[in-house]
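Trainee: Could we go through this model together, one question at a time? I would like to see how each answer is reached.

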Amino acid sequence: MALAFATTLRNAMLDQIKTALDAGSGAALIRIYDGTRPATGGTATTLLAELTCTDPSAGSASSGTLTFSSITQDASANATGTATWFRMVDSAATFVMDGNVSTSGSDLNLTTTAIVATQPVSISSATITAGNA
């Protein structure tokens with residue numbers, strides 16, 4: 001049986017992620033990469049796109065979910081490739097978290113994983129849920 005946490009604890013964990021993302025003098029960034037995802041916080045592969053979170057990135061977590069405010073699209077992708085993973089960093093580029101990218105059932109779901117240089121890349125909404133398994 002998996003661990004189960006009280007909602008107040010789940011919210012506190014998510015609020016710590018928000019605090020880490022909002023550290024620094026500006027907005028957090030979502031960087032989308034191709035290739036094999038490195039060990040947590042490891043050396044990144046090819047940067048395909050970089051999107052900017054609102055500052056602050058989200059309100060307080062509620063019911064075990066952190067809901068992000070609007071995310072500014074990357075109007076011109078950095079490179080062409082297949083999005084396979086992402087990294088969230090604070091405004092000083094300090095690592096906060098990594099996750100997988102796909103079109104469904106992943107940490108970050110995009111309409112397409114095919115990123116084309118100079119084309120826009122957007123995320124319409126984003127949440128992180130600290131669920132009980």
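Trainee: Let's begin with Asp-98: is Asp-98 buried or exposed?

Mentor: Before we start, note that this is a predicted model in which local features need pLDDT of at least 70 and side-chain atom pairs count only at pLDDT 80 or more, while totals for chains, interfaces and linings use all residues. Residues are numbered from 1 along each chain as its sequence is written, and side-chain values use heavy atoms, with hydrogens and water left out. Buried means under 20% relative accessible area, exposed over 50% and partly exposed in between, with a 1.4 Å probe and protein chains only. Asp-98 has a relative accessibility of 11%, so Asp-98 counts as buried.

Trainee: Which strand is Asp-98 found in?

Mentor: Helices (H or I, at least four residues) and strands (E, at least two) are DSSP runs, numbered from the N terminus. By that numbering, Asp-98 is found in strand β7.

Trainee: Which backbone nitrogen does the side chain of Asp-98 reach?

Mentor: A polar contact is a pair of N or O atoms within 3.5 Å; within protein, one must be able to donate a hydrogen and the other to accept it, and residues adjacent in sequence count only if both atoms are side-chain atoms. At 3.0 Å, the side chain of Asp-98 reaches the backbone nitrogen of Gly-41.

Trainee: What is the order of the strands in the open sheet?

Mentor: Two strands pair if DSSP finds at least two bridges between them. β4 (71-72) and β8 (108-109) stand at the edges with a single partner strand each, so one side of each has no neighbour in the sheet. The open sheet has six strands with mixed pairing, in the order β4-β2-β1-β6-β7-β8.

Trainee: What angle does the direction of α1 make with that of β7?

Mentor: Axes are lines fitted to C-alpha atoms, for helices over the stretch in contact, and angles run from 0 to 180 degrees between N-to-C directions. α1 packs on the sheet, where it touches β6 and β7, and its direction makes an angle with that of β7 of about 105 degrees.

Trainee: Which residue of β6 stands opposite Leu-29?

Mentor: β1 pairs with β2 in the antiparallel sense over five bridges, and Leu-29 stands opposite Thr-52 in β2. Five bridges also join β1 to β6, again running antiparallel. In β6, the residue opposite Leu-29 is Val-89.

Trainee: Why is β1 largely enclosed by the rest of the structure?

Mentor: Leu-29, Arg-31 and Tyr-33 point one way from β1, while Ile-30 and Ile-32 point the other way. β1 is largely enclosed because, of its five residues, the number buried is five.

Trainee: Which residues form the aromatic pair, and how far apart in sequence are the parts that the pair ties together?

Mentor: Rings of Phe, Tyr and Trp (its six-membered ring) pair if their centres lie within 6.5 Å; planes under 30 degrees apart count as stacked, over 60 as edge-to-face and the rest as tilted. The count by this rule is one pair: Tyr-33 and Trp-85 are stacked, at 4.4 Å centre to centre with 15 degrees between the planes. Both Tyr-33 and Trp-85 are buried. Tyr-33 lies in strand β1 and Trp-85 in strand β6, so the pair ties together parts whose separation in sequence is 52 residues.

Trainee: Lastly, where is Thr-113 found?

Mentor: Thr-113 counts as buried, at 19% relative accessibility. Leaving out residues up to four places away in sequence, Thr-113 touches Gly-81, Thr-82, Ala-83, Val-101, Ser-102 and Thr-103. Thr-113 is found in the loop between β8 and β9 (114-115).

How values were computed:
Contact = heavy atoms within 4.5 Å.
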